[in-house]
Amino acid sequence: MSDLSLYRNIGIFAHVDAGKTTTTERILKLTGQIHKTGEVHDGESTTDFMEQEAERGITIQSAAVSCFWKDHRLNVIDTPGHVDFTVEVYRSLKVLDGGVGVFCGSGGVEPQSETNWRYANESEVARIIFVNKLDRVGADFLRVVKQTEDVLAANPLVMVLPIGIEDDFVGIVDLLTRKAFVWDDSGLPENYEVVEIPADMVDLVEEWREKLIETAVEQDDDVMEAYMEGEEPSMADIKRCIRKGTRTMDFFPTYCGSAFKNKGVQQVLDAVIDYLPSPDEVDPQPLTDEEGEPTGKFATVSAEESFKALAFKISDDRFGALTFVRIYSGTLKKGDTILNAATGKTERIGRMCEMQADERKELSSAQAGDIIAIVGMKSNVQTGHTLCDPKDPIILEAMVFPEPVISISVTPKDKGSTEKMGIAIGKMVAEDPTFKVETDQDSGETILSGMGELHLDIKVDILKRTYGVELEVGQPQVAYRETITAEVDDSYTHKKQSGGSGQFGKIDYKIKPGEPGTGFVFTSSVVGGNVPKEFFPAIEKGFKSMMDTGTLAGFPVLDVEIEVYDGGFHAVDSSAIAFEIAAKGAFRQSIPKAAPQLIEPIMSVDVFTPDDHVGDVIGDLNRRRGMIKDQEAGVTGVRIKADVPLSEMFGYIGSLRTMTSGRGQFSMEFAHYLPCPNSVAEGVIAEEKERKAAKNK
């Protein structure tokens with residue numbers, strides 16, 4: 001049995017281009033896992049092994065690697081930074097015990113950093129902060145520290161200070177030991193000297209060291225009392241206090257360096273071991289019932305307990321289907337039979353392995369705390385499914401994924417491609433829970449839905465290149481929805497008589513607008529026996545089934561509350577099916593009376609632009625029906641936050657680059673739905689009716 005206190009399961013997450021993958025490369029080099037570092041800009045990094053990742057210089061899917069540092073085993077997951085792939089960050093954080101948040105020394109806290117930080121807060125993952133790229137123009141360590149306080153509402157605990165900045169960045173001062181680490185120009189991480197603190201930094205180091213110790217000793221009353229009386233705490237006591245505060249997220253130890261230039265990465269690795277929790281120090285995972293409600297029980301992290309694990313990622317690589325699994329308790333051996341709690345099917349484990357990005361090392365057993373991949377599982381395992389001991393069936397807290405907001409239609413060019421596409425899409429949907437596929441009933445077209453233009457662009461690219469499917473791609477479509485704005489009190493009777501027993505169901509009901517985000521709410525306040533209780537589920541089912549197709553343009557309906565308060569039944573002719581049909585008829589009858597309205601997805605857009613183009617960018621966002629919410633001046637430019645309808649954002653990156661001479665950047669994510677202006681709604685409804693009419697010809 002391995003000692004769990006020597007395990008660290010960590011994720012590396014940040015905004016696009018803050019240097020996550022480069023930091024991961026340096027960690028692998030320092031820990032001896034690779035002998036030559038591959039650079040992202042050359043398309044040669046270990047964890048960016050997909051063709052699309054190497055070409056675009058971005059991470060698309062999270063990659064898992066294992067390595068060792070000072071007798072500790074590190075399972076490291078490098079996650080994407082682009083907003084379209086945040087699901088990869090979310091599901092990785094769900095199974096990790098600690099994280100390293102990487103921030104760019106000049107860019108600071110960028111939009112996607114905020115989203116990832118929020119996910120990490122929700123998943124209660126302890127973190128350390130690494131401010132990277134201090135060798136870049138405009139880098140400022142203490143400014144980024146201040147931003148983490150202001151923007152993320154975090155409490156950074158500064159552990160090191162940089163020596164020099166931008167081109168003059170040569171090393172760091174460790175505040176605890178009062179030692180300076182200075183690297184030479186060879187670019188090799190091991191080529192550094194430990195020297196005395198530069199004379200002009202002594203006062204600054206003492207000031208920040210005092211802040212560090214004052215914050216740390218608050219974690220232990222006895223140590224704090226002794227410190228208040230003038231006694232310097234021992235190094236062991238300070239580290240113990242920092243570890244405790246990091247684990248409870250009272251503060252986040254903050255480091256700095258340049259991963260690309262190999263400066264400061266060893267200190268981050270030391271901090272992972274010294275301050276981030278081991279698997280058995282983290283609060284155990286809650287267990288739920290089949291409906292997803294907490295049971296009050298937990299999966300204790302221990303190799304002695306029965307086997308419990310979560311499948312957090314499905315991947316299909318050149319060796320076959322892989323199911324990435326985080327084991328929470330118990331052990332798993334080759335040949336064991338396990339239960340998929342979601343499907344109720346059991347399965348015998350054939351092969352399992354430890355992943356090194358796209359390489360693998362065969363394993364014969366694994367235990368609590370491990371992150372492994374199981375090869376070739378048959379029982380339709382999906383992301384978020386619980387795997388457990390058949391004698392002790394349990395369900396771990398499931399993952400919740402955002403709904404897609406953008407769709408495109410794809411049509412295979414020939415019969416061969418149709419068959420290939422069916423198989424490929426099946427695999428891709430299993431891998432990515434935010435990628436949805438459906439067939440348009442009218443036209444027979446395949447509709448792909450995802451989180452953004454880049455997301456769908458990558459999926460089409462994978463279909464074409466990885467699976468060899470020749471496709472014609474339609475224009476992007478916005479996921480419009482419908483809702484109602486008025487309350488209606490109505491009655492509906494369904495009766496049918498045609499020899500033998502008939503059908504009868506009568507309901508009196510109110511339909512009214514629900515709170516935004518509630519979807520569909522059904523209540524019954526029938527008193528007496530006018531509508532017997534056993535028919536309520538059928539009435540609810542009838543109403544709910546109609547929510548998929550609105551009466552304006554056939555888009556799904558959101559945020560409607562329906563209350564059935566009276567009705568009537570027939571002792572012989574009434575049945576569940578009769579009341580279900582009555583509910584469907586009632587929906588068709590009353591929704592047009594309830595002032596239906598088209599609503600559109602609004603995106604939270606974050607734009608970075610150089611100072612001299614701010615007016616152009618704001619004017620352009622206003623023309624796109626955007627609402628400017630905030631403007632924040634930085635050293636190298638201005639960040640503009642706005643809410644903009646998705647329908648106005650297609651092709652935005654091209655316009656932004658033109659306006660800002662290629663220097664602008666933006667990210668966006670779904671925020672909420674809002675009513676469409678009448679002029680827009682009329683156009684969308686007319687277009688949708690035309691489209692349907694054309695298909696029906």
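## A walk through the model

Start by selecting strand β30, residues 481-484: Arg481 and Thr483 on one side, and Glu482 and Ile484 on the other, are all buried, leaving both faces covered. Buried here means under 20% relative accessible area with a 1.4 Å probe and protein chains only; strands are DSSP runs of E with at least two residues, helices are runs of H or I with at least four, and both are numbered from the N terminus. In a regular strand, side chains alternate between the two faces of the sheet.

A word on what you are viewing: this is a predicted model, in which local features need pLDDT of at least 70, side-chain atom pairs count only at pLDDT 80 or more, and totals for chains, interfaces and linings use all residues. Residues are numbered from 1 along each chain as its sequence is written, and side-chain values use heavy atoms, leaving out hydrogens and water.

Pro596 of β35 is the bridge partner of Ile484.

Next, show the open four-stranded sheet, ordered β31-β32-β34-β33 with mixed pairing. Its edge strands, β31 (488-496) and β33, each pair on one side only. In the sheet, β32 and β34 pair in the antiparallel sense over eight bridges, and Ile507 stands opposite Gly567 in β34.

Bring in helix α12, which packs on this sheet and touches β32, β33 and β34 (contact is heavy atoms within 4.5 Å). Which residues of α12 (536-546) are buried? They are Phe536, Ala538, Ile539, Gly542, Phe543 and Met546. Their cover includes β32 (503-513), β33 (520-524), β34 (560-568) and α13 (576-590).

Then move to the largest nonpolar core, where Val100, Met159 and Ile242 touch the most other members among 70 residues. Such a core is a set of buried Ala, Val, Leu, Ile, Met, Phe, Trp, Tyr and Cys residues joined through side-chain atoms within 4.5 Å. Helix α9 (residues 265-275) gives the most to this core, with seven residues. Select Val100 and look for its contacts, including Ile10, Phe13, Ile128 and Val272.

Finish at helices α6 (residues 202-217) and α8 (residues 235-247), which pack at about 65 degrees with axes 8 Å apart. Axes are lines fitted to C-alpha atoms, for helices over the stretch in contact, and angles run from 0 to 180 degrees between N-to-C directions. The two helices are therefore roughly perpendicular, a label for 65 to 115 degrees. Leu212, Ile213, Ala216 and Val217 of α6 meet Ile238, Cys241 and Ile242 of α8.

Notes. Buried means under 20% relative accessible area, exposed over 50%, partly exposed in between (1.4 Å probe, protein chains only). Two strands pair if DSSP finds at least two bridges between them. Angles under 35 degrees count as roughly parallel, over 145 as roughly antiparallel, 65 to 115 as roughly perpendicular and the rest as oblique. Lists of a residue's contacts leave out its neighbours within four places in sequence.
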